[in-house]
Amino acid sequence: MLKKIFQPKQKKFDRPYHLLQIESSMNCNLECVMCPWVDLHNSEKLLSWETFSHIQPYLNQAKEVDLTGGGEPLTNPYIPEMVKAVKAAGCKVGFSTNGLHLTPDVSETLIQLDMDWISFSFDAATPETYHRIRQGSSYETVIGNIRALKALKEEAGSQVPHVMMVFVMMSGEHKNFHELPAYIDLAHSLGAEYIIAKNLDVIVKDGDFERGLFSHAGTHLPEVVAVRQQAEKRAKELGISLRLYNLEPRQQTICEQHPVHNLYINYAGNVSPCITLSYADNRVFNGERVHVPCLVYGNVHDEPLETIWNKADYDAFRKLYERRLSVEQEAMLQAILGGDESEYSLPDAPEGCRTCYYLYGI
Ligand SMILES: C[S@@+](CC[C@H](N)C(=O)[O-])C[C@H]1O[C@@H](n2cnc3c(N)ncnc32)[C@H](O)[C@@H]1O
Ligand code: SF4
């Protein structure tokens with residue numbers, strides 16, 4: 001807690017948006033078993049150059065751009081042009097991909113463009129488990145593509161794109177979590193610098209709540225704990241970063257999407273605080289199916305981005321989080337001064353966030 005209060009003040013940032021997440025595609029070439037967006041995938045749902053051009057004037061007001069959304073970025077033929085435009089605006093840029101379309105030619109282009117990072121979603125260490133989960137993909141092709149990227153970076157003497165690998169951990173008939181320790185070795189051999197072992201946290205499909213590893217009651221399989229420990233040990237030995245998430249939901253003051261500074265623009269130009277609220281509507285929280293209305297504050301075709309950002313209702317949404325953050329600060333200060341921090345209670349998070357696992361560190 002003290003660390004949090006006394007950490008050096010971050011340098012004031014002159015670009016108002018920290019991260020613009022721009023959904024380059026809501027189309028996909030795969031049908032992953034856990035993907036909540038599969039039913040929305042459609043070959044017409046690509047971010048057009050015209051929509052992108054409405055966002056382009058604001059790129060120089062952002063620090064970073066993530067071109068990932070609910071589909072596969074590499075199904076959008078304009079991806080290299082978009083990366084180029086974002087780099088020209090002085091932002092860091094990257095995207096998550098299933099890697100199937102990352103041919104050596106595409107890798108070469110992304111290296112030349114100095115793209116900052118790429119994240120491969122790859123949820124197994126063996127071909128059998130991989131093919132059961134990432135339906136429509138090829139283990140060998142994707143591994144070959146990641147290896148080729150590593151070789152091309154070495155040839156070009158380039159550190160970028162930095163490589164992350166993301167593993168969605170599941171149990172039940174999609175069980176893959178036991179492969180995490182072996183995955184650390186695999187990711188390391190492929191040149192990954194950072195591994196994220198995620199929970200199945202966006203739950204739309206029946207049965208997915210039971211397939212997740214976390215539990216509201218704080219009970220989880222002993223095997224899960226052992227596997228996490230083995231994975232952490234192996235990651236340490238290899239000197240690779242591993243991010244694991246909570247196994248028990250605990251409400252955070254604000255989620256990692258940090259909607260006070262970041263925003264989400266979907267393939268059609270709709271502006272929302274994050275992907276969850278862009279498509280909200282239907283999901284499962286603590287075993288119950290919940291319906292939450294989408295929060296779309298405007299569309300970049302109709303209004304400038306700053307007009308949308310400054311609308312009263314969008315501002316009120318962010319203010320709720322600003323208030324929560326300041327209450328947390330006041331409580332921490334009170335604790336340091338020997339007072340009773342429990343006197344402070346956080347105001348409720350916005351409605352749609354209360355049933356989003358990102359707010360619970362999951
Ligand atoms: C929806 S995908 C879109 C980008 C790209 N197609 C990919 O697979 O990386 C973004 C990330 O969400 C992860 N994901 C898919 N289904 C999920 C779920 N139900 N809960 C949490 N993450 C999920 C994917 O593994 C991927 O890392
Ligand atoms: S590749 Fe990504 S977007 Fe496509 S189905 Fe799989 S998780 Fe979903």
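**View 1. Contacts of Val-65 in the predicted model.** Leaving aside residues up to four places away in sequence, Val-65 touches Leu-20, Ile-22, Leu-59, Val-86, Cys-91 and Val-93; contact requires C-beta atoms, placed from the backbone, within 7 Å. The model is predicted, with local features needing pLDDT of at least 70 and side-chain atom pairs counting only at pLDDT 80 or more, while totals for chains, interfaces and linings use all residues. Residues are numbered from 1 along each chain as its sequence is written, and chains are lettered from A and ligands numbered from 1 in the order in which they are written.

**View 2. The largest nonpolar core.** This core has 83 residues, and Val-65, Met-165, Phe-167 and Ile-195 have the most contacts inside it. Such a core is a set of buried Ala, Val, Leu, Ile, Met, Phe, Trp, Tyr and Cys residues joined through C-beta atoms within 7 Å, buried meaning 20 or more other C-beta atoms within 10 Å of a residue's own, with C-beta atoms placed from the backbone. Strand S7 (residues 162–169) supplies the largest share of this core, six residues.

**View 3. Pairing of strand S10.** Strands are DSSP runs (E, at least two residues) numbered from the N terminus, and two of them pair if DSSP finds at least two bridges between them. S10 (residues 262–265) runs parallel to S1 (residues 17–22), joined by four bridges, and Leu-20 stands opposite Leu-263. S10 and S11 (residues 270–272) run antiparallel with two bridges, and Ile-265 stands opposite Val-271. In this hairpin, with four residues between the strands, Gly-269 takes a positive phi near 100 degrees.

Technical notes. A residue is buried if 20 or more other C-beta atoms lie within 10 Å of its own, exposed if 12 or fewer, and partly exposed in between; C-beta atoms are placed from the backbone. Two residues are in contact if their C-beta atoms, placed from the backbone, lie within 7 Å.
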